[in-house]
Amino acid sequence: MRTAVRIGVFATASAVLAGWLALTRSHGGTFWLVSLPVVGALWLLVCLDCGYLLGRDVAHRVRRRSSRQRRRAWEPDASVRRPIDYPYVLRRSAGDEPQDHQGRFRAKGIRLATLPALAVVFLTVQTLFLADSPLGIGFVYAQCLFLLWMVWTVWTQQEPSRTWVTSRVRYELFRREMFLLLTAVGPYLDRSGPEIERIRDARLARLAAADLADLLFFSRLGDRTAEGGERDWRDELWRRRDSARTTDPAALVELMRTYLDHRIRRQALFLELAAERCERSENSTGRVAKAAVLGAAGVAVVYGALVSAQSGGDGQSTGASAVALLAAGFPPLCNLALAVQNLLASQRLATSYRETRQELLEREQALHVLLADAGRPGAEAEFRALVLRTEAALGEENRRWRVIVAKPEYDAGL
């Protein structure tokens, strides 16, 4: 759903709520009073979905602008040959419009984390202010709507992150395949022109049609032998380390520079920006959780003082009821922040990104050393071994990422 469509959906839902409110004020019947909180609850559900995704789009644009200078500093020099300019490397077709699987997964998760807090707030409002009003009945129905929506979503959304995980794993494997082909390692080691094209076309077709289980098997740094065993590409490279040398040292240097800039340095920049984004998210949710705990403690003290001062009176004042509403709302707010923190898993992702980035920086230094002495014997074999070590590090990062974000179902609690 594009930004303009989300804005249109939000505007339509707001117009419906405003119209319903106007009808309730003009008619004032029991039906309108009971139904108004339910319509308001539906409007909140629309706001939760569209609001998060709209905010995500805005935040993405802000991050792109703020990181523009850093990305420009990492852009390859014009003299560095692009991967797509090498023989046998194919440009991927544009395909369908890209889908924001991560955004959809997180939007549903944040909505589920918010629903229990909304249910508590609606029930508290009904209990404190609208116990004998038709409007209070509507608040009870709205609370039931929240809880039923939550249960229905949890039960029907099994493996909610599977589409997102499959999409990213497939994309990473397509990129890996391009650099395996580019550097002639793995399945392309010591292959001739027609054989390279045959292997490339077969593997790309398999990647495009594979489900998640096939993709995870495909992600190994090895393949099946004719006898049914498994061949590790690193072992194969070691056995053939003296074969298929590049006769032109200048071509080897060109290839090294391409891999350095378009694979190692670009991936390191992505990981650096992603780690910073995750750390900001972790800090934000942590501050909200701490503020909710402190606020709950402070409001509880105030409420206790008000109740003590009014002991023996006829009921509690409107001010005490408002403080009671805050006292009931702060703990679910803390739970909401912790649930979002667990959904995003920002700290664990940032740690994984930082660790992989450090490995890439080490590979970058090693490749600079190779570039300085690319004409000596054995330099090409060392470069190919470095390529496989780099791909192994990126594959391990992808595996850790998958373990962190994959969920059998959404977490929800009240």
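This is a predicted model: local features need pLDDT of at least 70, side-chain atom pairs count only at pLDDT 80 or more; totals for chains, interfaces and linings use all residues.

Me: Helices first. At what angle do H6 and H7 pack?

Reply: The angle between H6 (residues 162–183) and H7 (residues 193–209) is about 175°, and their axes are 10 Å apart. H6 is therefore roughly antiparallel to H7; that label applies to angles over 145 degrees. Axes here are lines fitted to C-alpha atoms, for helices over the stretch in contact, and angles run from 0 to 180 degrees between N-to-C directions. Helices are DSSP runs (H or I, at least four residues), numbered from the N terminus.

Me: Which residues in H6 and H7 meet?

Reply: From H6, Arg170, Leu173, Phe174, Arg176, Glu177 and Leu181 meet Ile196, Arg200, Arg203, Leu204, Leu207, Ala208 and Ala209 of H7. Contact means heavy atoms within 4.5 Å.

Me: How many of those are nonpolar, polar or charged?

Reply: The contact of H6 with H7 has 8 nonpolar residues, no polar ones and 5 charged. Ala, Val, Leu, Ile, Met, Phe, Trp, Tyr, Cys and Pro count as nonpolar, Asp, Glu, Lys and Arg as charged, and the others, Gly among them, as polar.

Me: Which salt bridge involves glutamate 177?

Reply: One is with arginine 203, at 2.5 Å from N to O. A salt bridge needs a side-chain nitrogen of Lys or Arg within 4 Å of a carboxyl oxygen of Asp or Glu. Arginine 203 sits in helix H7 and glutamate 177 in helix H6, 26 residues apart.

Me: Are those two buried or exposed?

Reply: Both arginine 203 and glutamate 177 are buried. Buried means under 20% relative accessible area, exposed over 50%, and partly exposed in between (1.4 Å probe, protein chains only).

Me: How many salt bridges in total?

Reply: The count is 29. Among them, arginine 56 pairs with aspartate 100 at 2.8 Å, N to O. Arginine 56 is in helix H2 (residues 30–66), while aspartate 100 is in the loop between helix H3 (68–73) and helix H4 (101–129), 44 residues away. Aspartate 100 counts as partly exposed because its relative accessibility is 26%.

Me: What about aspartate 232, what does it pair with?

Reply: Aspartate 232 forms a salt bridge with arginine 234, with the closest N and O atoms 3.3 Å apart. Aspartate 232 is partly exposed at 26%, and arginine 234 is partly exposed at 40%. Elsewhere, salt bridges that share partners join Arg70, Glu272, Glu276 and Arg357 into one network.

Me: Switching to cysteines. How many disulfides?

Reply: The count is 0, a disulfide being a pair of cysteine sulfur atoms within 2.5 Å. For cysteine 50, the nearest cysteine sulfur is that of cysteine 47, 7.7 Å away. Cysteine 50 is buried at 5% relative accessible area, and cysteine 278 is buried at 8%.

Me: Last one: what does histidine 262 touch?

Reply: Leaving aside neighbours within four places in sequence, histidine 262 contacts Pro76, Val80, Arg81, Arg82, Pro83, Arg175 and Phe179. Histidine 262 lies in helix H10 (residues 249–309) and is buried, with 9% relative accessible area.

Me: And where is glutamine 341?

Reply: Glutamine 341 is in helix H11 (residues 318–344) and is buried at 19%. Not counting residues up to four places away in sequence, glutamine 341 touches Glu282, Thr285, Gly286 and Ser346.

Notes. Residues are numbered from 1 along each chain as its sequence is written. Side-chain values use heavy atoms; hydrogens and water are left out. Helices (H or I, at least four residues) and strands (E, at least two) are DSSP runs, numbered from the N terminus. Angles under 35 degrees count as roughly parallel, over 145 as roughly antiparallel, 65 to 115 as roughly perpendicular and the rest as oblique.
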